[in-house]
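Me: Please show me the model. I would like to go through the terms used for it and see what each one rests on.

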Amino acid sequence: KKAIERAILRANTAIIGVPSETRVLDIKNFGSKFLRPIAGGSRMYPETDAFPVEVSAREFENLKKQVPNIEETQRKLESEIGNKQLAEQMLRSAMLPTYKIITEKSKAEPKFVAAFILEKMKDLRRSGIGVDSVPDDVLTYLFGKYAKGEITKVAVEEIVKLVPKSAVEIDKIIKEKGLAKISGKKLKELVSSFSEKDKSLLMKAIMSKYRANIDGEEINSILKG
């Protein structure tokens, strides 16, 4: 029974992707074969390939002062993000320092920042886009443009896809790709320029052409008004 359960688990894992495992050369069959699972983060023994680091009593006391309060950090993240699952992911993510820099300096909505750098950037990374080479200060500048209402959420993604390396490059992309946000009086004029009378068709026509330039909630408000 246990063997069948393990076989089912492995089959389900294979559907998602290549299982995390250590393999060994199989000379007889000209390939490789399973050796053992890769140890997870729960293993408790010291890393055998790393030499121990000796610290003085003074250094040790300084290190103890820098130990973060995990419970307090999690409560703060849940309060900021407003989503427990996202907050827990962020707490355990290597992107936490990036999240803190962006939210503190850009004043962008924490939930959007968290969802973008945890989920959207992960999807882009899997697509082969080198999002990790975008510097934190450049991401901060980009989210600052969003926070000021100069670009939309869709535009943020479109810009990151082009892997900008500087603020100047971001401004250039916005101008050349026509990604500036359309809102207020200009958006009302844009809506009036379309001939469709049916609101659902009108919405579809506008969004298909200006998806990266328009905030969905704002155009909904205009159409309802």
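Reply: In the lining of the largest pocket, α1 (2–16) and β2 (31–37) each supply at least two residues. Helices (H or I, at least four residues) and strands (E, at least two) are DSSP runs, numbered from the N terminus. This is a predicted model, where local features need pLDDT of at least 70, side-chain atom pairs count only at pLDDT 80 or more, and totals for chains, interfaces and linings use all residues. Residues are numbered from 1 along each chain as its sequence is written, and side-chain values use heavy atoms, with hydrogens and water left out.

Me: Which element gives the largest share of the lining of the largest pocket?

Reply: That is α1, with 4 residues. The lining consists of Arg6, Leu9, Arg10, Thr13, Pro19, Ser20, Glu21, Phe34, Pro37 and Ile38. The volume of the largest pocket is about 220 Å³.

Me: How is the lining of the largest pocket divided by class?

Reply: There are 5 nonpolar, 2 polar and 3 charged residues. Ala, Val, Leu, Ile, Met, Phe, Trp, Tyr, Cys and Pro count as nonpolar, Asp, Glu, Lys and Arg as charged, and the others, Gly among them, as polar.

Me: Why is α3 called oblique to α4?

Reply: The axes of α3 and helix α4 (residues 84–91) cross at roughly 135 degrees and come within 8 Å. That angle makes α3 oblique to α4, because angles under 35 degrees count as roughly parallel, over 145 as roughly antiparallel, 65 to 115 as roughly perpendicular and the rest as oblique. The crossing of α3 with α4 is right-handed.

Me: What meets what in the contact of α3 with α4?

Reply: From α3, Ile70, Thr73, Gln74, Leu77, Glu78 and Ile81 meet Lys84, Leu86, Ala87, Glu88, Met90 and Leu91 in α4; contact means heavy atoms within 4.5 Å. Sorted by class, this contact has 7 nonpolar, 2 polar and 3 charged residues.

Me: What makes α6 oblique to α8?

Reply: Helix α6 (residues 110–126) and helix α8 (residues 153–161) have axes that cross at roughly 40 degrees and come within 12 Å. Therefore α6 is oblique to α8. Their crossing is right-handed.

Me: Which residues of α6 and α8 meet?

Reply: Phe112, Phe116, Lys120 and Leu124 in α6 meet Lys153, Val156, Glu157, Val160 and Lys161 in α8. The residues of this contact comprise 5 nonpolar, no polar and 4 charged.

How values were computed:
Axes are lines fitted to C-alpha atoms, for helices over the stretch in contact, and angles run from 0 to 180 degrees between N-to-C directions. A crossing is left-handed if the near helix is turned anticlockwise from the far one by less than a right angle, and right-handed if clockwise. On a 1 Å grid over the protein atoms alone, a cavity is a set of points where a 1.4 Å probe fits but cannot get out, and a pocket is an open set with protein on both sides within 12 Å along at least five of seven lines; lining residues have an atom within 4 Å of a point. Grid points are joined across faces, edges and corners, and a volume is the space filled by probe spheres set on the points.
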